[in-house]
Amino acid sequence: MIVDLRSDTVTRPSAEMYKAMAEAPLGDDVLGDEPTVAKLEELAAEMVGKEAALFVPSGTMGNQIAMAVHCDRGDAVLIEEEAHMIYYEVGGPGIISNVVTWTLPSDKGIMDPAVVESHVLKRSLHTPGTSLLCLENTHNRGGGTIIPLATMAAYQDVAKRHGMKIHLDGARVFNAAVGLGVDVKEIASKVDTVNFCLSKGLRSPVGSLLCGPADFIEEARIWRKRLGGGMRQAGILAACGIVSLTQMVDRLADDHRRTRSLAQSLSELPGLTIDWDRVQTNMVLVGTETQANEWTERLHEKGVWCFPVAPKRLRLVLHADVDDHGVAYAVETFRALAGVAA
Ligand code: TLP
């Protein structure tokens with residue numbers, strides 16, 4: 001048995017997705033006549049409460065395009081110091097947007113709005129102007145943590161006071177919405193633009209949606225083409241995205257339930273610790289007394305796959321392809337490796 005807890009990106013398409021792919025009407029999206037992509041973009045914009053949306057190949061591309069459209073060369077961008085856009089997007093902000101990133105500390109991925117405000121710079125002969133605040137909700141390296149709505153509202157106030165825009169890396173914003181028990185629109189209403197991924201908990205094989213005002217999306221479409229992200233019969237992929245948005249959102253609650261159950265079982269084992277404040281959605285960060293990569297190697301041999309995210313920390317991610325049996329097998333495997341009899 002293999003229980004793949006490396007990421008929620010590993011999910012395979014559902015049977016409904018294969019059917020939707022086979023039946024999707026297709027066109028050429030770069031020529032502007034792809035009906036299934038157009039349908040997905042409309043649905044996405046409507047769901048998050050924005051004017052328009054753009055289907056992009058990846059979360060990384062959506063985030064980097066957003067920055068490029070929001071910022072002028074040399075602008076300053078405020079962003080949490082372990083945000084995906086900083087940590088895992090290979091220097092995109094410097095290379096693509098030529099911006100100065102001002103990285104701020106946080107509590108589990110959540111920056112203090114007062115600290116954000118204290119770092120806003122006004123453009124002058126000497127200083128760059130801060131034109132963008134980037135947020136991440138849920139926060140990946142924070143452990144799938146949710147930004148409270150009140151904090152989102154406080155960021156929005158700061159941004160308004162200083163004429164700054166807000167982009168949300170909402171790769172897992174539907175996990176945040178399900179975790180908070182609110183409509184995703186409530187979260188998205190606090191930001192100017194949001195990028196969310198279909199290819200994580202929502203189970204599509206490929207794709208993200210960048211959502212925002214119509215004129216922003218028009219400019220984003222040009223950037224997508226410039227970066228080589230124009231896709232032709234992309235309705236094949238968009239068809240899966242429509243299934244994601246219509247059938248896969250509510251089931252994220254199952255991943256969250258299994259995450260808590262896994263965290264509970266692991267917290268009872270010697271040599272492992274769980275920081276419960278971080279167990280909020282579909283991830284568990286597990287502190288290990290010994291080196292985390294020794295754990296991952298031994299777990300891998302038994303068919304339980306996960307990544308170390310720090311020398312003594314593992315990340316386990318729940319998703320549609322891990323059911324209750326998978327969780328039970330993972331727990332049993334951890335228990336055996338921790339030297340606890342079944
Ligand atoms: N996250 C991946 C890895 O890149 C780390 C994962 O396994 O969690 N924003 C956030 C918050 C993300 O977690 C990710 C992917 C992205 C953006 C990028 O999405 P893709 O992989 O589609 O470019």
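**Notebook: ligand shell, aromatic pairs, backbone**

I started with the shell around the ligand: its largest share, three residues, comes from helix 3 (residues 59–70). Helices here are DSSP runs of H or I with at least four residues, strands are runs of E with at least two, and both are numbered from the N terminus. I note that the model is predicted: local features need pLDDT of at least 70, side-chain atom pairs count only at pLDDT 80 or more, and totals for chains, interfaces and linings use all residues. Residues are numbered from 1 along each chain as its sequence is written, and side-chain values use heavy atoms, without hydrogens and water.

**Ligand**

I listed the shell next. The ligand has 15 residues around it, and S7, T60, N140, D169 and R172 are the closest. A residue is near if one of its heavy atoms lies within 4 Å. By class, I find seven polar, six charged and two nonpolar residues. Asp, Glu, Lys and Arg count as charged; Ala, Val, Leu, Ile, Met, Phe, Trp, Tyr, Cys and Pro as nonpolar; the others, Gly among them, as polar.

I then looked up polar contacts (N or O pairs within 3.5 Å). S7 places a polar side-chain atom 2.7 Å from a ligand oxygen. For H84, a polar side-chain atom is 2.8 Å from an oxygen of the ligand. The side chain of N140 has an N or O atom 2.8 Å from a ligand oxygen. The protein covers 82% of the 510 Å² of accessible area that the ligand has on its own (Shrake-Rupley method, 1.4 Å probe).

**Aromatic pairs**

I counted three aromatic pairs, with ring centres within 6.5 Å; planes under 30 degrees apart are stacked, over 60 edge-to-face, the rest tilted. W295 and F334 are stacked, at 5.7 Å centre to centre and 25° between the planes. W295 is in helix 13 (residues 292–301) and F334 in helix 14 (residues 324–337), so this pair ties together parts 39 residues apart in sequence.

**Backbone**

I found a cis peptide bond between N137 and T138, with omega about 5°. T138 sits in the loop between strand 5 (130–136) and helix 7 (149–162). K108, a residue other than glycine, has a positive phi near 55°. Its loop runs between strand 4 (100–104) and helix 6 (113–118).

Note on methods
Polar contact = N/O pair within 3.5 Å; in protein donor to acceptor, adjacent residues only side chain to side chain. Phe/Tyr/Trp six-rings, centres within 6.5 Å; stacked < 30°, edge-to-face > 60°.
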